[in-house]
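Subject: Structure handover and findings

Dear colleague,

Please find below the structure that I am handing over to you. My notes on it follow directly after.

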Amino acid sequence: MLNQCKVVGFIPTKDATRAHAFYVDLLGLKKVSEDGFALVVNANGTAIRIVSTGEFTPAPYTILGWEVPDITSAAETLTTKGVVFERFAYFEQDSDGIWTAPNGSRVAWFRDPDGNTLSISQHPSQA
């Protein structure tokens, strides 16, 4: 049953104004609606509710990611917009912050203004 239904993602935020500036203005996701509870954006057909929660502790792992056709180009574009990619001591990352997994997948992580970890990735089948 659920395999035939649309998926909705949820991201917490402490500051809806900052979230709007990041997800809509910087990342370019299309705003669908906004009220006192959530900012809803469209990410290539997937609805994401950026929910105003007050205080919370960001999860210590990636909560949302995008598969991109060219991760180097995507990382460079995001960097020029002010996105800072995370560096992890336990991963060998290139100068753009991209890690290459043993299977050839490539991933780079960044955070939203609330500290939620997001990622871009490119997988061998997309290369």
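Two strands are taken to pair if DSSP finds at least two bridges between them. Strands (E, at least two residues) and helices (H or I, at least four residues) are DSSP runs, numbered from the N terminus. Please note that this is a predicted model, in which local features need pLDDT of at least 70 and side-chain atom pairs count only at pLDDT 80 or more, while totals for chains, interfaces and linings use all residues. Residues are numbered from 1 along each chain as its sequence is written, and side-chain values use heavy atoms, with hydrogens and water left out.

The sheet with β1 to β4

An open sheet is formed by four strands in the order β1-β4-β3-β2, with mixed pairing. Its edge strands, each pairing on one side only, are β1 (8-13) and β2 (30-34). On average, neighbouring strands of this sheet are turned by 25 degrees against each other, direction ignored; the axes are lines fitted to C-alpha atoms, for helices over the stretch in contact, and angles run from 0 to 180 degrees between N-to-C directions.

Strands β3 (residues 38-43) and β4 (residues 46-52) run antiparallel and are joined by six bridges. Asn42 has Ala47 in β4 as its bridge partner. The loop between β3 and β4 holds Asn44. Phi of Asn44 is near 55 degrees, a positive value in a residue other than glycine. Is Asn44 buried or exposed? Asn44 is exposed because its relative accessible area is 81%, where buried means under 20%, exposed over 50% and partly exposed in between (1.4 Å probe, protein chains only).

The sheet with β5 to β8

A further four strands form an open sheet in the order β5-β8-β7-β6, again with mixed pairing. Here β5 (62-67) and β6 (99-100) are the edge strands, each pairing on one side only. Six bridges connect β7 (residues 106-111) with β8 (residues 117-122), and the two run antiparallel. Trp109 has Ser119 in β8 as its bridge partner. Helix α2 (residues 71-80) lies across β7 and β8, at about 145 degrees to β8.

Thr100 is placed in strand β6. With a relative accessible area of 46%, Thr100 is partly exposed. Leaving aside neighbours within four places in sequence, Thr100 is in contact (heavy atoms within 4.5 Å) with Glu92, Ser105 and Arg106. Between Thr100 and Ser73 there are 27 residues in sequence and 15 Å in space, C-alpha to C-alpha.

Aromatic rings

How many aromatic pairs does a search of the whole structure find? The search finds 10. Rings of Phe, Tyr and Trp (its six-membered ring) pair if their centres lie within 6.5 Å; planes under 30 degrees apart count as stacked, over 60 as edge-to-face and the rest as tilted.

The Phe88 and Tyr90 rings form a tilted pair, because their planes are at 35 degrees, with centres 5.5 Å apart. Phe88 and Phe91 form an edge-to-face pair, because their planes are at 90 degrees, with centres 6.2 Å apart. Phe88 counts as buried at 18% relative accessibility, Tyr90 counts as exposed at 63%, and Phe91 is partly exposed at 24%. One aromatic cluster is formed by Phe88, Tyr90, Phe91, Trp99 and Trp109.

Finally, the charged end of Lys14 sits over the ring of Phe56, 5.5 Å from its centre; this requires NZ of Lys or CZ of Arg within 6 Å of the ring centre and within 35 degrees of the ring normal.

Yours sincerely
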